[in-house]
Amino acid sequence: MTTHHLAIIGGDGVGPEVTAQALKVLDAAEQRFGFSTTRTEYDLGGRRYLASGEVLPDSVMAELDEADAILLGAVGTPEVPPGVLERGLLLKLRFAFDQFVNLRPVKLLPGVPTPIAGLTPDRCDMVIVRENTEGMYVGAGGSLFHGTGAEVATQESLNTRHGVERVIRDAFARAQNRRNHLTLVHKTNVLNFAGDLWMRTFTEVGEADFPDVERDYVHVDAMCLYMVTTPERFDVVVTDNLFGDIVTDLGAAVQGGLGLAASGNLNPTGAHPSMFEPVHGSAPDIAGKGWANPVAAVLSLSMALDHLDHADAARAVEDAAAEVLTTMTAMGGPDMGGSTDELGDRIAAIVAG
Ligand code: NAI
Ligand code: MG
């Protein structure tokens, strides 16, 4: 029997609550599909930082690196200054483990209320591939005369041929496994240096190695329009780190909200573990109430299973979550039609068969 070693970081607020549901569903998937996991839980996040000052000790990094995959809930508490956990934990893991693909499906599931009037599931099924290790997020820049009237701040976007090409290749390969359509999203008309590198790489790689995949290009501002008006235009979308961060939140809104949005930070080479997490944060406003929608965490588990080569289990988990969604009366809060725990039980029961 295949055994995978998983590192579990529940984190703060609703993070541990929704992660517990994903693990229940994982138990059911293991039983039904005949594989097993060993799991090590790590106490990381705002609580640990406030208690000990530690964000991500090197010894923990080394242990996480041994895992086959990492499941993360959410980190952050209101008392922790902004940036400490984002840069010190989330970005550190992405960069150190070279998780160069941030994968975010945007799929409207049946029965889920979307703010887009008249949108139906058949018109909204895309995957956004966000570059995850370069661009504006590398922390290049600086400031001078801080706090004075003469203050100067720069923040540079770093783009390498290596980094751009590998994420574009990954996106083309995903398109081949879907509807053979790939859209590059950028702002080539204004960001002429980075845009030129992205566009040339996109065209060259597509022409040479993926001639069967239809290529499309959309400026990022127009993307915000089309995602709302004509999401059926998109199959796989590839874009840079900052644009990807922004358009995927729009995607989360279109697909019915944060309670449903899943993501994977992938190292497709397998040199280091990939990390799967719901898009939402620790939701301190509803922590402890049993009101958090566990579906985003469960769909993130489905992505992890797919990554671990259990496509059948991944599909069963996604289908079970979709089935339970049709019975839910709200996508979060006191009126969901069941507590976080009850919904997790229901999804797990369907997966168990
Ligand atoms: P948030 O995503 O935690 O919450 C935004 C709103 O959505 C809140 O009203 C919350 O109640 C609701 N919400 C979130 N998840 C939900 C769920 N599963 N079911 C039902 N409702 C849900 O974002 P916010 O409030 O900006 O950040 C809270 C904390 O989380 C901060 O400390 C922030 O830094 C952190 N955060 C962490 C992330 C991560 O670990 N990847 C991502 C985003 C924020
Ligand atoms: Mg974001």
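**Sheet, helices and ligand shell of a predicted model**

Val127 stands opposite Val236 of strand 10. The model is predicted: local features need pLDDT of at least 70, side-chain atom pairs count only at pLDDT 80 or more, and totals for chains, interfaces and linings use all residues. Residues are numbered from 1 along each chain as its sequence is written, and chains are lettered from A and ligands numbered from 1 in the order in which they are written.

Strand 5 (residues 125-131) and strand 10 (residues 236-239) run parallel and are joined by four bridges. Strands and helices are DSSP runs numbered from the N terminus (E, at least two residues, for strands; H or I, at least four, for helices), and two strands pair if DSSP finds at least two bridges between them. On strand 4 (residues 101-107), strand 5 pairs in the antiparallel sense, over seven bridges. Arg130 is the bridge partner of Asn102, and Thr239 in strand 10 is the bridge partner of Arg130. Six of the seven residues of strand 5 are buried; a residue is buried if 20 or more other C-beta atoms, placed from the backbone, lie within 10 Å of its own, exposed if 12 or fewer, and partly exposed in between.

The open sheet consists of ten strands in the order 2-1-3-12-11-4-5-10-8-9, with mixed pairing. Strand 2 (36-41) and strand 9 (214-219) are at the edges with a single partner strand each, so one side of each has no neighbour in the sheet. On average, neighbouring strands of this sheet are turned by 25° against each other, direction ignored. Angles run from 0 to 180 degrees between N-to-C directions, and axes are lines fitted to C-alpha atoms, for helices over the stretch in contact. Helix 6 (residues 192-209) lies across strand 8 (181-186) and strand 9, at about 170° to strand 8. Helix 7 (residues 220-229) also lies across strand 8 and strand 9, at about 105° to strand 9.

The expected span of a helix is 1.5 Å times one less than its number of residues. Helix 5 (residues 161-176) has 16 residues and should therefore span 22 Å, in agreement with the 22 Å between its end C-alpha atoms. Its buried residues include Val164, Ile168 and Phe172. Strand 4, strand 5, strand 8, helix 6 and strand 10 are among the elements that cover the buried residues of helix 5, where contact requires C-beta atoms, placed from the backbone, within 7 Å. For helix 10 (residues 311-325), the 15 residues should span 21 Å, and the end C-alpha atoms are 21 Å apart. Among the buried residues of helix 10 are Ala313, Val317, Glu318 and Leu325, and the cover over its buried residues includes helix 1 (14-33), helix 9 (295-307) and helix 11 (340-352).

Two residues other than glycine have a positive phi. In Asp98, phi is near 50°; Asp98 is in the loop between helix 4 (84-96) and strand 4 and is partly exposed, with 18 other C-beta atoms within 10 Å. In Phe145, phi is about 55°; Phe145 is in the loop between strand 6 (135-144) and strand 7 (152-158) and is exposed, with 10 other C-beta atoms within 10 Å.

Ligand 1 is surrounded by 21 residues, the closest being Gly76, His280, Gly281, Asn293 and Gly332; a residue is near a molecule or strand if its C-beta atom, placed from the backbone, lies within 6 Å of it. The shell comprises eleven nonpolar, eight polar and two charged residues. Ala, Val, Leu, Ile, Met, Phe, Trp, Tyr, Cys and Pro count as nonpolar, Asp, Glu, Lys and Arg as charged, and the others, Gly among them, as polar.

Note on methods:
Contact = placed C-beta atoms within 7 Å.
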